[in-house]
Amino acid sequence: MTKAKFLRILAVFGAGYLPYAFLWRSTGTLTALLVGAAVALAAALVIRWREAGAGDPH
């Protein structure tokens with residue numbers, strides 16, 4: 001595993017875990033898990049979108 005891939009995985013995990021860590025007491029576990037999953041998915045899509053455009057010279 002390359003360093004860049006490890007950092008991407010860590011970024012997606014952190015993006016998904018932080019909402020859960022902050023919200024689970026106030027909103028409940030299920031809601032916090034759903035928000036965390038949505039944020040992790042969004043982070044993964046943004047990373048893929050940026051990587052797809054990285055090789056484009058425009």
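Okay, let's start with a question: is Tyr-20 buried or exposed, or partly exposed? Tyr-20 comes out as partly exposed, because its relative accessible area is 23%, and the cut-offs are under 20% for buried, over 50% for exposed and in between for partly exposed, with a 1.4 Å probe and protein chains only.

Before going on, a word on the model. This is a predicted model, where local features need pLDDT of at least 70 and side-chain atom pairs count only at pLDDT 80 or more, while totals for chains, interfaces and linings use all residues. Residues are numbered from 1 along each chain as its sequence is written, and side-chain values use heavy atoms, with hydrogens and water left out.

Now, the helix that Tyr-20 sits in. That's H1, which covers residues 3-27. Helices here are DSSP runs (H or I, at least four residues), and strands (E) need at least two, numbered from the N terminus. For the expected span, you take 1.5 Å times one less than the number of residues. H1 has 25 residues, so it should span 36 Å, and its end C-alpha atoms are 35 Å apart, which agrees. There's also a kink of about 30° in H1, centred on Ala-21; the bend at a residue is the angle between axes fitted to the seven residues ending there and the seven starting there.

Next, the rings. How many aromatic pairs does the structure hold? It holds 2. Phe-13 and Tyr-17 make a stacked pair, 5.9 Å centre to centre with 10° between the planes. For the terms: rings of Phe, Tyr and Trp (its six-membered ring) pair if their centres lie within 6.5 Å, and planes under 30 degrees apart are stacked, over 60 edge-to-face and the rest tilted. Phe-13 and Tyr-17 are 4 residues apart in H1, about one turn of the helix. Tyr-17 also pairs with Tyr-20, and that one is tilted: 6.3 Å between centres, 50° between planes. Those two are 3 residues apart in H1, again about one turn. Why does that spacing matter for direction? An α-helix has 3.6 residues a turn, so residues three or four places apart point the same way. Put together, ring pairs link Phe-13, Tyr-17 and Tyr-20 into a cluster. As for cover, Phe-13 is exposed at 56%, and Tyr-17 is partly exposed at 42%.

Phe-13 and Tyr-17 are among the members of a nonpolar patch, including Met-1, Leu-7 and Phe-22, with about 1000 Å² of accessible area together. Patches take residues with over 30% relative accessible area and no salt bridge, joining like charges within 9 Å and nonpolar side chains (Val, Leu, Ile, Met, Phe, Trp, Tyr) within 5 Å. The areas come from the Shrake-Rupley method with a 1.4 Å probe, and for residues only the protein chains shown count as cover. Leu-7 is partly exposed at 45%, and its C-alpha is 22 Å from that of Phe-22, 15 residues apart in sequence.

Just after H1 comes Gly-28, with a positive phi of about 105°. Gly-28 is in the loop between H1 and helix H2 (29-54), and is partly exposed at 25%.

Last one: which residue forms a salt bridge with Arg-8? That's Glu-51, with the closest N and O atoms 2.9 Å apart. A salt bridge means a side-chain nitrogen of Lys or Arg within 4 Å of a carboxyl oxygen of Asp or Glu. Arg-8 lies in H1 and Glu-51 in H2, so the pair ties together parts 43 residues apart in sequence.
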